Amino acid sequence: MGTVSQFFQPPLYWQQFEELCVGLLSEVYDVPNAQQVGRPGQAQSGVDVFGRSARHGTIGIQCKRLAELDENNNPYPRGPISRAFLREEAKAALSFQPDLKLWILATTVRRDTRVQGWVEELNNEWEHSGRDRIAIVWTWDECISHLNSYPKLQRAYYRDVIQVCAPKDLDEIILRTIAMAFARPAFEVPVHCESPCDFFQALKDTQKALRTGELVDRETRHVIRKAIGGYHELDDDRARADLGQVDKQLRTLRSQFERGIKDGTIRMIGTILDIRVLVSTRN
């Protein structure tokens with residue numbers, strides 16, 4: 001009987017992701033001298049983590065903590081990694097010294113067949129030009145696989161991780177986070193008593209929590225809870241469909257709010273919202 005793999009959520013900050021990549025390089029390629037390159041702000045030639053493997057030679061990793069959604073919480077049309085982005089990062093790493101035998105683009109986004117195809121295209125070009133170098137991409141799926149293969153990494157970087165034993169346990173984590181997102185003043189006090197800016201921000205924050213599982217504090221803007229992927233990752237088909245409709249309704253509400261501000265049916269008077277009801281009259 002096989003073991004059940006544990007899901008791990010990506011680190012919240014790029015510094016943590018770089019530190020995790022140091023551990024991944026050490027374990028996966030048996031690199032005892034794996035280390036970060038320089039310090040923030042220094043030129044790094046497309047490499048954040050590097051080390052030398054007895055089997056593979058010098059390995060360099062470019063670490064990119066990328067979001068699946070843009071600043072408006074909408075999915076990127078073709079994903080956050082483009083062909084131009086991949087090639088630009090690979091080109092930058094060509095100037096890294098010592099010369100790399102293996103260059104890895106490590107990201108926090110999910111696996112994408114298009115990106116895999118671009119990497120293969122890049123490797124073919126390098127081979128035909130006589131360059132002794134291979135490029136690969138570690139998506140978050142690969143990182144999860146490595147974390148499950150190396151218990152030492154789990155203990156070092158995910159000591160406090162929530163152990164999810166079954167799909168229903170994961171569903172409960174996601175649903176609790178979404179419930180917390182809706183338990184805020186914007187959805188409890190009368191609309192006319194709510195600050196316009198706070199109300200609109202609450203709509204954006206709630207939609208983000210619904211879609212990504214990431215909930216931020218109203219005052220500090222710090223992430224206070226992070227589930228795993230938002231409602232899209234729910235195993236329960238009915239709950240996933242229902243919350244998909246809630247997502248659409250929130251999007252409609254945001255659009256109506258923005259339109260109301262623009263056409264004057266919603267006015268900001270001091271710190272409150274004045275919602276005018278337009279009554280049509282017929283002769």
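Asn123 belongs to helix α3, which spans residues 113–128, in what is a predicted model. With a relative accessibility of 14%, Asn123 is classed as buried, because the cut-off for burial is under 20%. Beyond its neighbours within four places in sequence, Asn123 contacts Arg133, Ile134 and Ala135.

**Packing of α1 and α4**

- Helix α1 (residues 14–28) packs with helix α4 (residues 140–149) at an angle of about 55°, and their axes are 11 Å apart.
- This angle makes α1 oblique to α4.
- The crossing in which α1 passes α4 is left-handed.
- On the α1 side the contact is made by Phe17, Leu20, Leu24 and Val28, and on the α4 side by Trp140, Cys143, His146 and Leu147.
- By class, the residues of the contact of α1 with α4 comprise seven nonpolar, one polar and no charged.

**Aromatic pairs**

- Four aromatic pairs are present in the structure.
- One of them joins Tyr29 and Trp138: the ring centres are 6.3 Å apart and the planes lie at 15°, so the pair is stacked.
- Tyr29 sits in the loop between α1 and β1 (35–36), whereas Trp138 is in strand β5 (residues 134–138), so the pair ties together parts 109 residues apart in sequence.
- Both partners are buried, Tyr29 with a relative accessible area of 15% and Trp138 with 3%.
- The rings of Phe50 and Phe96 have centres 5.5 Å apart and planes at 65°, so this pair is edge-to-face.
- Phe50 lies in strand β2 (residues 49–53) and Phe96 in the loop between α2 (83–93) and β4 (102–107), so the pair links distant parts of the chain, 46 residues apart.
- Phe96 is buried, its relative accessible area being 6%.

Key
Residues are numbered from 1 along each chain as its sequence is written. This is a predicted model: local features need pLDDT of at least 70, side-chain atom pairs count only at pLDDT 80 or more; totals for chains, interfaces and linings use all residues. Side-chain values use heavy atoms; hydrogens and water are left out. Helices (H or I, at least four residues) and strands (E, at least two) are DSSP runs, numbered from the N terminus. Buried means under 20% relative accessible area, exposed over 50%, partly exposed in between (1.4 Å probe, protein chains only). Contact means heavy atoms within 4.5 Å. Axes are lines fitted to C-alpha atoms, for helices over the stretch in contact, and angles run from 0 to 180 degrees between N-to-C directions. Angles under 35 degrees count as roughly parallel, over 145 as roughly antiparallel, 65 to 115 as roughly perpendicular and the rest as oblique. A crossing is left-handed if the near helix is turned anticlockwise from the far one by less than a right angle, and right-handed if clockwise. Ala, Val, Leu, Ile, Met, Phe, Trp, Tyr, Cys and Pro count as nonpolar, Asp, Glu, Lys and Arg as charged, and the others, Gly among them, as polar. Rings of Phe, Tyr and Trp (its six-membered ring) pair if their centres lie within 6.5 Å; planes under 30 degrees apart count as stacked, over 60 as edge-to-face and the rest as tilted.
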